[in-house]
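Look at the chain below before reading on.

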Amino acid sequence: MIATGIFTGYYPDTVDGVIRQIKRDGFSCVQLDVSFKDCDAAKEHLTKERAQEIRDKFRDANLPVVAVSAYTNIVHHDLEQRKRNIAYIKGMMERALDLGCPYVASETGTYHPDSDWVWHERNGTEEAYEETAEILYDLVKFGREVGATFLVENYVNNVIGSIQRVQQLFDEINMPNLKLICDPTNFFTTENIHDVDGTLRSIFHALSDKMVIAHAKDIKPTQDTRVKRADIDADESHVFRGAGGVELPAAGLGLLNYNLYVSLLAKHHPNIPLIVEHVDAGDIPRAKRFVDGVLKHQGV
């Protein structure tokens, strides 16, 4: 069966408080954001002992950690900030096993000077790809040394965005500890949003063997091309709701063919965890009911 999980970062609380709320809402696994009110890895050094304490709390609650979040911009235009961002990912990789899972996730970022989510013309150049691939190779190699696997999450406005770029990356960095987060919504642009089913099939045809966890959000076209954000207490990656002509709302609030998406997941990865995201606090129960309803309808 496909398990339904959620990012811990949608619950602004202490570790214990987050666990209580996730159990209350009925989720069976988590993608771990170490951004709790009593422990924030982006603001303070995460010790081995503290990481193990967090891991054990989720184990005691029977909430498996299926991935650890380390979302940041690895090609930040400010080179000093870029160094700090890469060091943050490596720090999370060093603590991944202590946190309960070797998988550490991040998108690749953009060269845009004002936003980590907006397209920059340099992103599409071979020079940008080569620089990004070199950074990713270093991260994957470091992960191999410390027992961590890097999960790349593509996004259309990042350097690694399209099916072709993801394929190229995996062809060139042919290492077992580089894997892919399955999030089909991150492939949609104004050009392909009118062919949802065809795009879904293309994603799975090209990339299904790279996927290890999946995300559940949605897509819908919009005339508002600005960066869209939710007014919630969460990290920037969880506040983000899309940029350009595609909005990224919660699952069930857009055009994504969830029956086809789930059937493709089940065909290629019948036990993959499916992690709910892009939710406001009050919408979490609805989003879970929607995702669980599709899973039950598909019998997976």
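Predicted model: local features only at pLDDT ≥ 70, side-chain atom pairs only at ≥ 80, totals over all residues.

Residues are numbered from 1 along each chain as its sequence is written, and side-chain values use heavy atoms, with hydrogens and water left out.

An unreviewed UniProt entry places the feature "domain: Xylose isomerase-like TIM barrel" at residues 20-287; such annotations may be inferred rather than shown by experiment. The end C-alpha atoms of this span lie 18 Å apart, and the span is 38% helix and 15% strand. Helices (H or I, at least four residues) and strands (E, at least two) are DSSP runs, numbered from the N terminus.

Two packed helices are described by the angle between their axes and the distance between the axes. The axes of helix 5 (residues 163-172) and helix 6 (residues 196-207) cross at roughly 5 degrees and come within 10 Å. Axes are lines fitted to C-alpha atoms, for helices over the stretch in contact, with angles from 0 to 180 degrees between N-to-C directions. Helix 5 and helix 6 are therefore roughly parallel, a term for angles under 35 degrees. Ile163, Val166 and Gln167 of helix 5 make the contact (heavy atoms within 4.5 Å) with Ser202, Ile203, Ala206 and Leu207 of helix 6.

Helix 8 (residues 258-268) has several buried residues, including Tyr258, Leu260 and Tyr261. Buried means under 20% relative accessible area (1.4 Å probe, protein chains only). The cover over the buried residues of helix 8 includes helix 6, strand 9 (211-216) and helix 9 (284-298).

Where is glutamine 31 placed? Glutamine 31 is in strand 2 (residues 29-32), and it is buried, with a relative accessible area of 0%. Its side chain is joined to that of serine 69 by a polar contact of 3.2 Å. A polar contact is a pair of N or O atoms within 3.5 Å; within protein, one must be able to donate a hydrogen and the other to accept it, and residues adjacent in sequence count only if both atoms are side-chain atoms.

Threonine 185 lies in the loop between strand 8 and helix 6. Threonine 185 is buried, with a relative accessible area of 1%, and its side chain makes a polar contact of 3.2 Å with the side chain of lysine 217.

Technical notes:
Buried < 20%, exposed > 50% of the residue type's maximum accessible area, 1.4 Å probe, protein only. Parallel < 35°, antiparallel > 145°, perpendicular 65-115°, else oblique.
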